[in-house]
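Hi,

Here is the structure I promised to pass along.

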Amino acid sequence: MRLVLFEATGSRDAVPGLVTERGVVSIAHAVRSGHTPQATMQGIIDGFEGLRPSLERLARDGAAVPMSQVRLRPPLPRPGKILACIANYWEHGALEPRALNMFLKNPDAVIGPGDTIVLPHLTEPWIFMHEAELALVIKGPAKNVPPANWQSAVFGYTGLIDVSARGEGRRTWKAGSWLGKSFDTFAPIGPCIATLDEIANPNDVHVQFWVDGQLRHNYNTDDMEHLVPELVEFATGIMTLNSGDLIACGTNHEGLGPLQDGEVVDFEIHGIGRMRLDVRDPLKRTWENGIYMGADSTNPEAIKRNRPEQR
């Protein structure tokens with residue numbers, strides 16, 4: 001199943017629903033309403049096995065509203081925790097994996113489909129970049145989960161764009177604190193939560209990201225340095241994860257590029273779905289458009305440009 005929060009035309013109330021081939025089916029009357037949309041989704045995660053038969057019937061027979069007549073909201077509008085992997089994809093011709101590491105990203109930075117990434121007024125960062133990532137939606141409480149039991153702690157999957165302020169080269173601004181990844185609007189999530197059974201293997205998923213129609217990220221999650229079972233073990237060995245928390249699995253940096261004013265971005269994870277967002281910069285800053293071509297880029301064209309063969 002693909003779970004969403006959505007607003008019907010003329011309403012600002014986000015209600016839970018299912019994405020079907022016929023459109024979006026509301027499940028608001030079939031689930032317990034929480035005090036916030038986030039709490040409602042956490043309740044669905046916790047009670048999903050009991051809810052499954054009625055949700056399957058609604059997916060098949062419930063009244064559907066065309067996608068064009070609804071506005072999708074972030075499926076988890078205020079996760080308790082967002083843990084994000086640092087790198088975690090094979091790059092630079094590495095022969096050994098880097099040590100697994102993560103940082104906490106600000107849950108208040110979450111936005112959703114159709115929203116706008118707003119670049120901050122702060123001018124110290126040199127550039128702002130996108131990182132398109134698969135994210136694990138946790139079913140908790142999960143603590144000290146061994147790799148063999150990783151599925152017990154994962155309810156499903158969603159997409160996350162780890163928008164990042166960067167300094168010189170690809171170094172994250174305020175590298176010691178990773179604050180450059182936690183500006184408001186820097187955590188777009190969506191378009192839905194695909195339940196665990198929707199994806200046969202999270203380490204065989206195609207991730208794509210476009211800026212104004214230019215394909216940038218275009219990779220498969222089979223290239224992670226540390227695979228999903230290890231990510232779950234690592235994160236739950238540090239802290240208890242609760243239902244609705246997220247683990248973002250990292251990105252392949254070869255597709256990095258700048259985000260700047262007026263651009264439109266599209267993000268798709270096959271098996272989960274696609275969403276579009278706008279980019280706005282009140283300061284109207286500009287950078288070289290396209291895939292990042294700095295001296296430490298791993299993009300083949302950048303290597304050719306910055307490190308020509310010696311004659």
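The largest pocket holds about 190 Å³ of space. Keep in mind that this is a predicted model. Lining that pocket are 15 residues, and those nearest its centre are Arg-166, Arg-170, Thr-172, Trp-178 and His-253. If you sort the lining by class, you get 7 charged, 5 nonpolar and 3 polar residues.

Asn-252 sits between β17 (246-248) and β18 (264-269). Is Asn-252 buried or exposed? Its relative accessibility is 10%, and the cut-off for buried is under 20%, so Asn-252 counts as buried. A polar atom of the Asn-252 side chain is 2.9 Å from the backbone nitrogen of Glu-254. Leaving aside residues up to four places away in sequence, Asn-252 touches Tyr-89, Glu-91, His-217, Tyr-219 and Asp-223.

His-226 is another loop residue I looked at. You'll find His-226 between β16 (214-220) and α3 (228-238). With a relative accessibility of 9%, His-226 counts as buried too, because that value falls under the 20% cut-off. Which side chain does the side chain of His-226 meet in a polar contact of 3.0 Å? That partner is Glu-230.

Now the nonpolar side. In soluble globular proteins, nonpolar side chains tend to be buried together. Here the largest nonpolar core has 60 residues, and the ones touching the most other members are Leu-136, Tyr-157, Val-232, Leu-241, Ile-247, Phe-267 and Ile-272. Another core, of 29 residues, lies apart from it, with Met-41, Leu-58, Ala-84 and Ile-193 among its members.

Met-41 brings us to helix α1 (residues 37-46), where Gln-38, Ala-39, Thr-40, Met-41, Ile-44 and Ile-45 are buried. What covers those buried residues of α1? The cover includes the strands β1 (2-8), β2 (15-20), β11 (132-138), β12 (154-161) and β14 (187-195), along with helix α2 (48-61).

Cheers

How values were computed
Residues are numbered from 1 along each chain as its sequence is written. This is a predicted model: local features need pLDDT of at least 70, side-chain atom pairs count only at pLDDT 80 or more; totals for chains, interfaces and linings use all residues. Side-chain values use heavy atoms; hydrogens and water are left out. On a 1 Å grid over the protein atoms alone, a cavity is a set of points where a 1.4 Å probe fits but cannot get out, and a pocket is an open set with protein on both sides within 12 Å along at least five of seven lines; lining residues have an atom within 4 Å of a point. Grid points are joined across faces, edges and corners, and a volume is the space filled by probe spheres set on the points. Ala, Val, Leu, Ile, Met, Phe, Trp, Tyr, Cys and Pro count as nonpolar, Asp, Glu, Lys and Arg as charged, and the others, Gly among them, as polar. Helices (H or I, at least four residues) and strands (E, at least two) are DSSP runs, numbered from the N terminus. Buried means under 20% relative accessible area, exposed over 50%, partly exposed in between (1.4 Å probe, protein chains only). A polar contact is a pair of N or O atoms within 3.5 Å; within protein, one must be able to donate a hydrogen and the other to accept it, and residues adjacent in sequence count only if both atoms are side-chain atoms. Contact means heavy atoms within 4.5 Å. A nonpolar core is a set of buried Ala, Val, Leu, Ile, Met, Phe, Trp, Tyr and Cys residues joined through side-chain atoms within 4.5 Å.
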